[in-house]
Amino acid sequence: MTSRNAGIYALLTLGALITLAPFGLGLLTSFTSARQFNTESALSLPHPPTLANYAGLADAGFGRALVVTALMTSVILVSQLTFSVTAAYAFARLDFPGRTVLFWLYLATLMVPATVTVVPLYLMMAEAGLRNTFWALVLPFMFGSPYAIFLLREYFRSIPADLIRAARIDGAGTADVLVHVVLPASRSILVTLALITVVSQWNSFMWPLVITSGAPWRVLTVATAGLQSQFDAQWTLVMAATTVAIVPLIVVFAALGRHIVRSIVVTGIK
Amino acid sequence: MQRRRFRDIVTGYALLAPSLFGVVLFLLLPLLVVGWLSVQHWDLLGPIRFVGADNWRSVLTDADFGRSLLVTLAFVALVVPLQTVLGLLAATLLAAELPGTGFFRTLYVLPWICSPLAIAVLWRWILAPTDGVISTVLQRRIEWLTDPTLALPVVSAVTVWTNVGYVTLFFLAGILAIPTDVLNAARLDGATGWQRFRHVILPMLRPTFFFVLVTGIVSAAQVFDTVYALTGGGPQGRTDLIAHRIYTEAFGAAAVGRAAVMTLILFALLLGVTVVQHLYFRRRVSYDLT
């Protein structure tokens with residue numbers, strides 16, 4: 001190994017330590033008993049490791065928060081992807097009046113930052129009587145994402161027209177063409193978009209924070225924030241909460257890391 | 001043929017309908033609503049009533065809001081250049097493509113895919129003055145998050161830690177896209193490693209720089225979760241980023257009209273940045289509808 005390569009590895013390892021250490025320390029602390037944490041150094045290994053903090057989370061209603069978060073993420077994932085696919089197909093493959101204008105309208109909405117819609121959406125949900133309901137969590141994100149529609153449209157346009165024409169001649173309707181020709185040809189972009197949606201919805205915080213209150217529809221991020229402000233010094237319990245919020249995504253990440261890395265480069269968004 | 005065309009029109013609108021409903025109701029209508037709210041008084045519960053330019057007058061003369069804008073500007077000015085330089089450095093190391101670098105590349109993005117709220121809570125413990133990791137290691141008590149001069153740099157550092165991997169990916173993609181012919185030609189001409197970096201790689205990364213800087217500014221200007229959990233905007237408003245100010249105004253102080261004004265000001269500022277971004281993107285995305 002040349003000294004140049006050794007230098008590169010040394011720097012890369014340093015970066016890896018700085019990246020990993022906070023996660024590792026948080027994870028260890030989540031298995032440390034509160035008594036040990038209070039009497040010993042914050043860095044001592046848990047002896048013996050305990051699940052008491054996770055049991056404490058269950059008492060604090062984290063089980064329900066986990067279910068609500070998973071449900072919210074799945075509902076948004078399935079509906080957003082479905083409606084993005086149908087819209088992208090219409091833009092890419094069908095000819096109808098107003099298509100160009102509508103496409104530009106969708107394009108323009110990319111310039112609306114998420115933070116800008118929070119206050120007005122809150123008023124709209126309040127007027128509709130949907131404050132603190134499951135619908136308020138999912139409705140704004142269910143009907144497709146303009147960004148996903150753009151990427152899918154680009155992708156659909158690259159599918160050979162002959163392929164679709166051949167299916168048509170065989171008597172396939174639009175639904176058949178979508179399900180049996182277009183979707184199988186677009187698997188990689190669909191995985192990419194699905195991952196991006198899961199990551200952003202699982203982590204979403206500001207909207208759930210303002211639109212829900214109390215236990216019924218609390219998601220993991222809101223529950224974690226609430227736990228921290230309630231038990232500021234009980235770090236073992238709080239670290240168990242952050243672990244529960246983070247670990248499911250790390251598992252997805254470990255399984256599909258390559259896809260995620262590619263997804264980020266392709267879409268450039270969270 | 002006429003019949004086929006009619007069917008296309010019906011199918012097209014049917015397929016588009018759900019997303020059009022969403023775009024109009026949840027992206028475009030909110031812009032009108034926030035404009036309307038900016039001239040109303042609403043306390044989240046009671047009736048809404050028209051107050052003319054009162055909200056605008058009070059926000060534009062509000063010292064807290066002015067400070068929040070300055071804090072946000074300082075935050076963006078700290079975070080964006082730092083994460084860009086560190087991301088470029090990491091990408092340069094990864095671009096050597098030594099065995100195992102794929103592992104490091106994936107690892108570096110980890111903080112970025114995790115919940116920013118959970119990350120902030122994690123760092124709150126690491127930085128805790130008495131039983132936190134850093135105080136334990138240093139054997140001394142430092143008020144990272146409550147010292148008025150330290151708080152903003154520390155919040156910025158946590159944000160940089162989260163974002164570096166993301167920035168790295170784009171620079172890495174940019175560097176690997178440079179044709180090896182170009183680099184070999186420079187090498188044949190006797191250019192040293194540093195000269196190749198300075199005069200070949202850097203100029204060819206210009207589009208990547210542009211993308212990374214613009215998206216970095218837009219996202220840093222909207223950071224909320226991190227300050228919510230780390231500092232709550234304190235001490236003395238030193239980390240009161242604009243998204244946090246809007247939240248506090250609307251849902252803490254129940255002054256929704258004022259929050260609407262602040263939202264519009266943030267929107268105007270970000271619009272300037274995003275317009276530049278999309279002018280650039282037009283070259284990459286095809287808008288050809290034929």
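Author: Start with the spacing. In chain B, 35 Å separate the centres of domain 1 and domain 2, taken over C-alpha atoms. Domain 1 covers 2–37 and domain 2 covers 55–281; such bounds come from an automatic or database domain assignment.

A word on the source. This is a predicted model, where local features need pLDDT of at least 70, side-chain atom pairs count only at pLDDT 80 or more, and totals for chains, interfaces and linings use all residues. Residues are numbered from 1 along each chain as its sequence is written, and chains are lettered from A and ligands numbered from 1 in the order in which they are written.

Now the part between the domains. The largest nonpolar core has 153 residues. A nonpolar core is a set of buried Ala, Val, Leu, Ile, Met, Phe, Trp, Tyr and Cys residues joined through C-beta atoms within 7 Å. Buried means 20 or more other C-beta atoms within 10 Å of a residue's own; exposed means 12 or fewer, and partly exposed is in between, with C-beta atoms placed from the backbone. Val119(A), Ala241(A) and Ile246(B) have the most contacts inside this core. Helix α7 (residues 151–176) of chain B gives the largest share, 13 residues. Helices here are DSSP runs (H or I, at least four residues), as are strands (E, at least two), numbered from the N terminus. Domain 1 (2–37) and domain 2 (55–281) of chain B both contribute residues, so the core lies between them. In soluble globular proteins, nonpolar side chains tend to be buried together.

Look at Ile246(B). Neighbours within four places in sequence are left aside. Its contacts then include Thr115(A) and Val119(A) from chain A. In chain B, Ile246(B) touches Ala259(B), Met262(B), Thr263(B) and Leu266(B). A contact means C-beta atoms, placed from the backbone, within 7 Å.

Next, the interface. Chain B puts 81 residues into the contact and chain A puts in 77. On the side of chain B, helix α1 (residues 2–37) supplies the largest share, 21 residues. By class, that side has 61 nonpolar, 15 polar and five charged residues. Nonpolar covers Ala, Val, Leu, Ile, Met, Phe, Trp, Tyr, Cys and Pro; charged covers Asp, Glu, Lys and Arg; the others, Gly among them, are polar.

Two local features of chain B follow. A cis peptide bond joins Gly234(B) and Pro235(B), with omega about -10°. Pro235(B) sits in the loop between α11 (225–230) and α12 (242–252) of chain B. Gln139(B) has phi near 60°, a positive value in a residue other than glycine. Gln139(B) lies in the loop between α6 (133–138) and α7 of chain B. With 6 C-beta neighbours inside 10 Å, Gln139(B) counts as exposed.

The partner chain, briefly. Chain A has 14 helices and zero strands. Its radius of gyration is 23 Å, whereas a compact globule of 270 residues would be near 18 Å. That radius is taken over C-alpha atoms, and the globule rule is 2.2 Å times the number of residues to the power 0.38.

Last, confidence. pLDDT is the predictor's confidence in each residue, from 0 to 100. Chain B has a mean of 90, and 94% of its residues reach 70 or more. Residues 285–290 of chain B stay under 50. The model scores ipTM 0.91 and pTM 0.91.

Note on methods
Two residues are in contact if their C-beta atoms, placed from the backbone, lie within 7 Å.
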